[in-house]
Amino acid sequence: MINNVFTIKNLNLFYGKYQALHSINLDIERNKVTALIGPSGCGKSTFLRCLNRMNDLIDSCQIDGEVLYHNDNVYNRNFDVISLRTKVGMVFQKPNPFPMTIYDNIAYGPRCQGIKDKTELNKIVEKSLKNSALWEEVKDRLKDSAMSLSGGQQQRLCIARAIAMEPEVILMDEPTSALDPIATMKIEELINDLKQNYAIVIVTHSMQQAARISDNTAFFHLGELVEYDKTDIIFTTPKEVKTEEYITGRFG
Amino acid sequence: MDFIKKQFGKIKDLFHFNSKKEVVDFIIKLFFLISTIVSASFIVIIIVFITKEGIKPFVTDNGGIGSVNLVRFLTGTTWLEGTAFKSNLYSVGFIIINTLYISLLSLLIAMPIGVLTALFIAKIAPKRLSEILRTVIELLAAIPSIVYGLFGSGIILVFVYNLAKVFGVQSPGGNSVLATVLVLALMILPTITALSEVAIRSVEKDIEHGSLALGATKTQTNFKVVLTSAKSGIFSASILGIGRALGEATAVSLVAGNARSGPTLSFFQTTSTLTSTMLQGLKETTGIDYDIRFSVGIVLMVVILLTNAGLNFVKKRIGNVHVK
């Protein structure tokens, strides 16, 4: 229990009348990579967005059940969403750098939290870029627009941007689906390095990717959590028939 | 039908077309080209006509009065006109300054208000309210300038007159720089708001979500990310706004007071712009006094062209500069 950052209990989610998630129970472990797999529309991205309350942005979205972050339900009325999002970072499917300089992209989050000191910001920017394996490529052009980077670099910049907040968890929503194989490989290596310091929850369409990088895998189907276990168990001896059918490519 | 088919065949042979479809394609392209030539040639005709009339005061002796000195015309500080005493002492130097001064001031008022309104409509207001506001802004943009002028001379002149009294200044009936700036600001406000709103609305949701996911508040997101992303569109809106301000004649004529000398920097004194100068008494005059208005027209076109070029240059520069 002490090693879990998130404990999800009986989570149901509705978009209007449509129920997208059916009583999900799941624990997210510290310093582990947790992969969420399943066919399109199975609710894995929706589930991911519950963890930092990005579903709040959708008007018709209603939630019951508990998402416990260190024993605090993030859906409690008086829970501070802003501080949750500084602790639980997110990387999106499509790289979405802000139209600013590389430096300003990284400094954006800390600045929003009121950090103004130049030397401190410089340190944060350098450290974040180093930890996202981007420093060597951009150290001479921190004042260039982030839009001038390649897609893979932009995605690593978005990871650096999340790291700059020194979060505890990083959520990744299909972070490599818009990238070429080499950029994908770099991101996967990066994820492997990052798990020493962060819990990572990653939604992926690629089962090979889940098998390569994750420690735990959750298989979602039609809004239900079908199976959740250690990744090598899921991919070698799954308990559920549906899981086996999916990972062997019989549907999805 | 046969006739048309024959003609098609002729064209086909003449231009070595391979099929009927290519002929149709060619004719349609020709049609587009002709439309473009017609519309473009009108611009050329207008420029040629205005230039031809406008250089007359400088190159002829204007029926014995003597030609106008170009340098004096462009730099002088009085507009000496009148059919009673014929003169060649026309100058627009001060009017150019007045025009730029007034337009920039009105932009300075209209831009922040317009952008904040746009942000409210696009991002903050509930859906229903923002639809209503959008319609209102579009209606405001469609109001003819003479109506703004009437509003200006009925309401704003009185307001400025009374305001001047508070400061202990006697404003000539309220006709003044301030009244002109206020009327112009009102006029360009809907343009700037409507275009900025479109620019803000078209900022990708991804970027906004990225900011929120980093723990930024809605307000931080709106000001630091949404406005930054929309700045190029907002700048275009301002360019159109200042274009309208520079070119507005009717409303300005009703509240500017048409000063004959200047430049006027004081808010409560009468002023004049290039457009109001052209318009004033245009119908009742002849000879050099008529022709010189075309010269002013050339100056106006050059001023607008240079302003746009300058602003576009700045726009390109800020495209890469980044807001903290």
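Chain B has 13 helices and 0 strands, where helices (H or I, at least four residues) and strands (E, at least two) are DSSP runs numbered from the N terminus. Read from the N terminus on, the elements of chain B run α-α-α-α-α-α-α-α-α-α-α-α-α. The model is a predicted one, in which local features need pLDDT of at least 70 and side-chain atom pairs count only at pLDDT 80 or more, while totals for chains, interfaces and linings use all residues. Residues are numbered from 1 along each chain as its sequence is written, and chains are lettered from A and ligands numbered from 1 in the order in which they are written.

**Overall dimensions**

Chain A, for its part, contains 10 helices and 10 strands. Its radius of gyration is 18 Å, close to the 18 Å that the globule rule gives for 252 residues, so chain A is as compact as a globular protein of that length. The radius of gyration is taken over C-alpha atoms, and the globule rule is 2.2 Å times the number of residues to the power 0.38. For chain B the radius of gyration is 26 Å, whereas a compact globule of 324 residues would have one near 20 Å.

| Chain | Span of the C-alpha trace along its principal axes |
|---|---|
| Chain A | about 55 × 45 × 35 Å |
| Chain B | about 70 × 65 × 35 Å |

**The domains of chain B**

Chain B is divided into domain 1 (2-54) and domain 2 (93-318), with bounds that come from an automatic or database domain assignment. The centres of domain 1 of chain B and domain 2 of chain B, taken over C-alpha atoms, are separated by 40 Å. Between these domains, 4 residues of domain 1 of chain B are in contact with 5 residues of domain 2 of chain B, two residues being in contact if their C-beta atoms, placed from the backbone, lie within 7 Å. On the side of domain 1 of chain B that touches domain 2 of chain B, the residues divide into 1 nonpolar, 2 polar and 1 charged. In this scheme Ala, Val, Leu, Ile, Met, Phe, Trp, Tyr, Cys and Pro count as nonpolar, Asp, Glu, Lys and Arg as charged, and the others, Gly among them, as polar.

**The contact between the chains**

The contact of the two chains takes 23 residues from chain A and 15 residues from chain B. On the side of chain B that touches chain A, α9 (205-213) and α10 (218-247) of chain B each supply at least two residues, and α9(B) gives the most, with 5 residues. The residues of this side of chain B comprise 5 nonpolar, 9 polar and 1 charged.

**The sheets of chain A**

One open sheet of chain A has 4 strands in the order β2-β1-β4-β5, with antiparallel pairing; two strands pair if DSSP finds at least two bridges between them. Its edge strands are β2 (18-29) and β5 (72-73) of chain A, each of which pairs on one side only. Strand β1 (residues 4-15) of chain A pairs with β2(A) in the antiparallel sense over 8 bridges. Within β2(A), L26(A) is the bridge partner of I8(A), and E29(A) is that of N4(A). The hairpin of β1(A) and β2(A) has 2 residues between the strands, and in it G16(A) takes a positive phi near 65°.

A further open sheet of chain A has 6 strands in the order β6-β7-β8-β3-β9-β10, with mixed pairing. At its edges stand β6 (88-91) and β10 (224-230) of chain A, each with a single partner strand, so one side of each is left without a neighbour in the sheet. The twist averages 15° from one strand to the next, with axes that are lines fitted to C-alpha atoms, for helices over the stretch in contact, and angles that run from 0 to 180 degrees between N-to-C directions. Strand β9 (residues 216-221) of chain A and β10(A) pair in the antiparallel sense over 6 bridges, and A218(A) stands opposite Y228(A) in β10(A).

**Helices of chain A**

Helix α1 (residues 44-51) of chain A lies across β3 (33-37), β6, β7 (169-173), β8 (199-203) and β9 of chain A, and runs at about 150° to β8(A). Helix α6(A) lies across β6 and β7 of chain A, running at about 170° to β6(A). The axes of α3 (residues 102-112) and α6 (residues 151-163) of chain A come within 7 Å and cross at roughly 35°. Here I102(A), N105(A), I106(A), Y108(A) and G109(A) in α3(A) meet L157(A), A160(A) and R161(A) in α6(A), and by class this contact has 5 nonpolar, 2 polar and 1 charged residues.
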